Amino acid sequence: METLGVALGDRSYPIHIGSGLLKRVELILPHIAQKKAVVVTNTTVAPLYLETLRSTLESAGISVLPVVLPDGEQFKTWETLNLVFDALLGARCERGMTLLALGGGVIGDMGGFAAACYQRGMPFIQVPTTLLSQVDSSVGGKTAINHPLGKNMIGAFYQPKLVLTDISTLDTLPERELKAGLAEVIKYGLIRDLDFYIWLEENLEKLLARDASALTYAIHRSCVNKAEVVAADEKETGERALLNLGHTFGHAIETGMGYGEWLHGEAIAAGTLIAAELSHQLGWLDEKTVKRIEHIFVRAGLPVFGPRLGAARYLELMSHDKKVQDGKLRLVLLKEIGKAVVSDQASDAQISAAIEARCT
């Protein structure tokens with residue numbers, strides 16, 4: 001098992017990464033204050049891992065209230081969130097009870113947001129079961145639901161007490177979901193970790209083959225990168241925005257196509273290539289570097305072109321982005337591999353040209 005910490009003063013918390021951790025009650029118990037806990041999961045994950053987690057908790061005398069939600073990005077809504085509140089209120093749950101979010105990014109975001117809201121805040125634990133959630137969404141305290149006008153536009157910063165990453169859950173992860181998770185792994189190399197990017201170029205096939213050692217290293221290295229950024233800028237007032245490479249374009253794809261049509265990682269992959277193309281147009285990346293970035297996403301089995309929604313539609317959707325400041329769109333772009341910047345230098349015409357060049 002590998003362990004690292006997210007340094008946020010008295011709200012710091014550990015991230016445990018390893019195999020079989022769902023059965024390690026001693027890792028969970030210190031973070032549960034009462035003899036009853038809530039496990040929020042979905043219809044896909046529940047048949048696979050709910051009973052394992054439940055029996056682990058019950059072995060320590062903790063009773064479990066399961067809340068099983070429908071699975072899919074399209075259910076990341078107020079209506080679905082209310083199902084959690086209905087269950088909590090119906091069972092007379094107290095604010096000191098712990099909520100465990102068992103699932104991928106959607107469950108982690110919704111479970112965390114429910115915990116942030118219920119009785120003005122109850123403790124929660126992230127138990128991510130997809131590669132994407134293990135390397136990104138479970139760490140850092142971003143919680144949210146979607147709105148028809150924009151992804152993750154309604155939410156709160158609310159840190160977990162623990163992130164328990166059991167890489168054994170990746171054994172049941174569909175191939176498409178595994179590949180989608182690699183988009184966020186590659187992102188860390190692109191924005192701030194050239195050595196990791198080179199390692200990924202050399203070891204991508206091991207990750208695709210689910211080699212446990214390679215996966216553990218990639219997840220740990222990704223979490224180290226994210227933990228450092230979050231510790232320096234918890235509320236995304238500066239450096240943390242760099243974690244959104246490809247996300248402004250990617251969120252436009254997800255919203256424009258309808259939530260769930262493109263997986264988050266697929267949209268981020270295509271969005272990253274639009275950002276790379278725009279970086280090239282601004283004179284920061286040469287064509288060879290853009291091709292190098294394209295090649296690693298192709299090897300990962302991810303899309304490198306976005307859907308042709310039209311540049312005007314992209315710009316409309318992107319105008320709702322959380323990085324818009326004083327009405328001006330700020331984008332995460334690349335100066336080189338391993339160095340990202342937040343910039344408002346690109347004109348609408350340049351952004352449109354990059355979109356048109358990278359959407360089919």
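**Aromatic close-ups**

**View 1. F196 and W199, one turn apart.** F196 and W199 are separated by about one helical turn, because they sit 3 residues apart in helix α7 (residues 194-208). Helices here are DSSP runs (H or I, at least four residues; strands are E, at least two), numbered from the N terminus. This is a predicted model, so local features need pLDDT of at least 70 and side-chain atom pairs count only at pLDDT 80 or more, while totals for chains, interfaces and linings use all residues. Residues are numbered from 1 along each chain as its sequence is written, and side-chain values use heavy atoms, with hydrogens and water left out. F196 counts as buried, at 0% relative accessibility, and W199 counts as buried too, at 18% (buried is under 20% relative accessible area, exposed over 50%, partly exposed in between; 1.4 Å probe, protein chains only).

View 2. The rings of F196 and Y217 form an edge-to-face aromatic pair, 6.3 Å centre to centre with 70° between the planes. For Phe, Tyr and Trp (its six-membered ring), a pair means centres within 6.5 Å; planes under 30 degrees apart are stacked, over 60 edge-to-face, the rest tilted. This pair links distant parts of the chain, with F196 in helix α7 and Y217 in helix α8 (residues 212-232), 21 residues apart. Y217 comes out partly exposed, at 32% relative accessibility.

**View 3. The trio.** F196, W199 and Y217 make up one aromatic cluster. In total, the structure holds 5 aromatic pairs. One of them is F196 with W199, stacked at 6.0 Å centre to centre and 25° between the planes.
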